[in-house]
Amino acid sequence: MTSRAEITEIQVYARVEEVDVEGRRVLLDCTTASSPTLRRLINESHQQLRNRWRRSFRLTEDPAAPSMDLLTEVPTAIVTARVDNLMRWQELMAEATWLQLPLPTNALNTEEPVTVGADDFEVVSPREAKKLSAILDMVNWPRVTAPRLRGVLDSIPTVEGVIVHDVGQGSANALFDSSGKAVVYFDVGRGGKGTSAPVNLDLCDCSTPLVLLSHWDRDHWAAAKDGKQGLLKSCWVVPSQKIAGTHAKFAALILQQGGSIFVVKRSSKPGKDLPYGQRIYLKYGKGADRNNSGLTLTLTCAISCPSHTMFFPGDARYDMCEEPPHKVALLVASHHGADPGGTSNLPRPASGRRSRLVYSFGPKNGYKHPFKKALTAHGSQGWNHTGWNHSKWNLSPQTGNVRATYTDSDANRQSILFSSGNCSPAAHFRAVHGETLLS
């Protein structure tokens, strides 16, 4: 006789994405354990799995060689789980432990996280964990050589300005050229659909822009799957980090759609002189967790006087950033305005009112970004929060040098424009992509 549990539950493999101590919950990246495709891959040899990833990265000339395209068929989901013994879950996250646990079947039937209980789990055996890592982690992904990465960065034209997009509780920053089209993105994320993400979000993919990914958290890449999906055909420069099924499936989708992925070696500190006096730096964070071990971007544009330096730390705390600039014309606040990690590495405004600090966060976010300590820390370094209500976290100023993508109502939401020179090219974002811009 079939039990009720057999009907309503499904076994998944999972890794811990995040531990929310205050909310006593964790985020789990889950992959259906019973998927025929996944079982087929688990039964392959490690050499076969390596060859699949090499074929997907177009490093094998044989067009008949198997690839990881079939990974896009495997059901995955991010799940919010209520848990006890938070210290144990933190250890599981730090060690990137593979788990097997039962979940309600509806947990994998939606793109947005559902909340479940998840205290009944088993640690996967070392042999099976090694296979899961070979399939769903970056173990077999080739790292890019320095000359090839410099060649990718060589393709960046003159940057005229930046749009910090209103994507809700996430991050997406477009660097645009003189035509007003995005040529580089630093992150292409968004918040949850139906919650914090704007309706009809349309990121510019007109020129197949280069995508630089700060780290593998979903709110920094999820928008690439929306709409026209042109960003899936782009070249992606990504950090080497521990990932799981949702991220590996997304990477397989990029490669399947004709895009490319360049994994930066952890020993690298890519820097490149670009046309017209520009200089770009990509550096790894100094931390161990995903937020603090990803890539940061510094871009210096000398086409204006004085030259503009822009800094994008992703979700890394400032104390975990490797040699951030001391003064900047544009700073996108660390981790949507979470704990900044003190002020020792926090960049100051280069030119008072003309510089910009931008917070990217969404309405009704459960994290309560931006934190009061973030507002205080940035304020102590010269960022003027005049116009902010520090008790509600949700008012965008009109008088200081600080801006936010989320204001006091959904009707007033806006993307933030920072221009190195002439603001007129940003009209492309207004006319073609329908964005409201605040400079």
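**Entry: what I am looking at.** I noted at the outset that this is a predicted model.

**Entry: strand β21.** I began with β21, which spans residues 356-359. Which way do R356, L357, V358 and Y359 point from the strand? I found R356 and V358 pointing one way, with L357 and Y359 pointing the other way.

**Entry: the partners of β21.** Next I asked which strands are joined to β21 by bridges. Strand β19, residues 330-332, is joined to β21 by three bridges, and the two run parallel. Within that pairing I picked out V332, whose bridge partner in β21 is V358. Strand β22, residues 402-404, is joined to β21 by three bridges too, and this pair is also parallel. Here I traced L357 to its bridge partner in β22, V402.

**Entry: a pair of helices.** I then turned to α3 (residues 46-56) and α5 (residues 126-136). Two packed helices are described by the angle and the distance between their axes, so I looked up both values. For α3 and α5 the angle is about 15°, and the axes are 9 Å apart. Angles under 35 degrees count as roughly parallel, so I wrote down α3 and α5 as roughly parallel to each other. Their crossing is left-handed. Which residues meet where α3 and α5 pack? From α3 I listed H46, L49 and W53, and from α5 I listed K130, K131, A134 and I135. Sorted by class, this contact has four nonpolar residues, one polar and two charged.

**Entry: Q256.** I found Q256 in helix α7, which covers residues 245-256. Is Q256 buried or partly exposed? Its relative accessible area is 33%, so Q256 is partly exposed. Leaving aside neighbours within four places in sequence, I saw Q256 in contact with D69 and T72. I also looked up F57: it is 199 residues from Q256 along the chain, yet their C-alpha atoms are separated by 9.5 Å.

**Entry: the loop between β21 and α8.** I came back to β21 and followed the loop that leads on to α8 (372-380), where I found P370. The peptide bond from H369 to P370 is cis, with omega near -5°. K368 lies in this loop as well. Phi of K368 is near 60°, a positive value in a residue other than glycine. I flagged both, because most peptide bonds are trans and most residues other than glycine have a negative phi. K368 has 46% relative accessibility, so I marked K368 as partly exposed.

**Entry: E323.** Another positive phi turned up at E323, at about 50°, and E323 is not a glycine. I placed E323 in the loop between β17 (308-312) and β18 (327-328). With 55% relative accessibility, E323 counts as exposed.

**Entry: S334.** My last stop was S334, in the loop between β19 and β20 (348-349). Is S334 buried or exposed? At 2% relative accessibility, S334 counts as buried. Not counting residues up to four places away in sequence, I found S334 touching P313, G314, D315, A316, R317 and Y318.

Note on methods:
Residues are numbered from 1 along each chain as its sequence is written. This is a predicted model: local features need pLDDT of at least 70, side-chain atom pairs count only at pLDDT 80 or more; totals for chains, interfaces and linings use all residues. Side-chain values use heavy atoms; hydrogens and water are left out. Buried means under 20% relative accessible area, exposed over 50%, partly exposed in between (1.4 Å probe, protein chains only). Helices (H or I, at least four residues) and strands (E, at least two) are DSSP runs, numbered from the N terminus. Two strands pair if DSSP finds at least two bridges between them. Axes are lines fitted to C-alpha atoms, for helices over the stretch in contact, and angles run from 0 to 180 degrees between N-to-C directions. Angles under 35 degrees count as roughly parallel, over 145 as roughly antiparallel, 65 to 115 as roughly perpendicular and the rest as oblique. A crossing is left-handed if the near helix is turned anticlockwise from the far one by less than a right angle, and right-handed if clockwise. Contact means heavy atoms within 4.5 Å. Ala, Val, Leu, Ile, Met, Phe, Trp, Tyr, Cys and Pro count as nonpolar, Asp, Glu, Lys and Arg as charged, and the others, Gly among them, as polar.
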